[in-house]
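Trainee: I have the sequence and the structure open side by side, and I'd like to go through a few places with you. Can we begin with the pocket?

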Amino acid sequence: MTVSRVLVASAVGSWGVEGDERGVTRVYMPHEPFSVTDGGAPAAVTSAAEQLEQYFAGARRHFDVSLADLATTDFRRRVWASLLTIPYGEVRTYAEVAASLGDARAARAVGNANHANPWPVVVPCHRVVARTGLGGYGGGFDVKRFLLRLEGVARD
């Protein structure tokens, strides 16, 4: 299958959406190398890009995006599914996500699964924070702060 990549602008830089007919395979953060492909993109990719543009403009709170089925662990799938239940404008701690999965001691593993999330923003790993502060984010603290502030969550 042919993979297509499109660009989405935001106040913190350009994001990339990659995918094919099966769905979105990856969302690239502003600091990640990314090249746009020529020609038209499949509906799943263009729809995801449009929804991200709406989100960054403050006009979208939920995503309806076809995500490609990627090879990963069951634990990561469970973490990512849990992230999808965190409402716009709310946060959970790594420990709270771990507890929701039945193992309150798995907070560090939740952080690792967040870091491996191939669909940042769409699968909102930015909504997971440390008990004592912001916590980490693969896109960097400035990007995480931007996303949380966009959603009305003041977190430093």
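Trainee: Which residues lie nearest the centre of the largest pocket?
Mentor: Keeping in mind that this is a predicted model, the largest pocket is lined by 18 residues, and those nearest its centre are Met29, Asn114, His115, Ala116 and Gly138.

Trainee: And how much space lies in there?
Mentor: The largest pocket holds about 250 Å³ of space. Strand 3 and helix 4 are the elements that give two or more residues to its lining, and helix 4 gives the most, with 3 residues.

Trainee: OK, strand 3 then. What sort of sheet do the 3 strands form?
Mentor: They form an open sheet in the order 1-2-3, with antiparallel pairing. Strand 1 (4–10) and strand 3 (23–28) are the edge strands, since each of them pairs on one side only. On average, neighbouring strands of this sheet are turned by 25° against each other, if direction is ignored.

Trainee: What holds paired strands together in general?
Mentor: Strands of a sheet pair through backbone hydrogen bonds, in either a parallel or an antiparallel way. In this model, strand 2 (residues 13–20) pairs with strand 3 in the antiparallel sense over 5 bridges, and Val17 has Val27 in strand 3 as its bridge partner.

Trainee: Which helix packs on the sheet?
Mentor: That is helix 1 (residues 43–56), which touches strand 1, strand 2 and strand 3, and whose direction makes about 5° with that of strand 1.

Trainee: Switching to helix 2, which of its residues are buried?
Mentor: In helix 2 (residues 74–83), the buried residues are Val79, Trp80, Ser82 and Leu83. They cover an arc of only 155° around the axis, so they sit on the same side of helix 2.

Trainee: What is Val12 in contact with, leaving aside its neighbours within four places in sequence?
Mentor: Val12 is then in contact with Pro30, Asp142, Val143 and Phe146. The C-alpha atom of Val12 is also separated by 9.3 Å from that of Leu147, although the two residues are 135 residues apart along the chain.

How values were computed
Residues numbered from 1 in each chain as written. Predicted model: local features only at pLDDT ≥ 70, side-chain atom pairs only at ≥ 80, totals over all residues. Heavy atoms only, no water. Buried < 20%, exposed > 50% of the residue type's maximum accessible area, 1.4 Å probe, protein only. Helix = DSSP H or I, 4+ residues; strand = E, 2+ residues; numbered from the N terminus. Arc of directions from axis to C-beta. Pairing = 2+ DSSP bridges. Axes fitted to C-alpha atoms, helices over the stretch in contact; angles between N-to-C directions. Contact = heavy atoms within 4.5 Å. 1 Å grid on protein atoms, 1.4 Å probe; cavity = no way out; pocket = protein on both sides within 12 Å on 5 of 7 lines; lining within 4 Å. Points joined across faces, edges and corners; volume = space filled by probe spheres on them.
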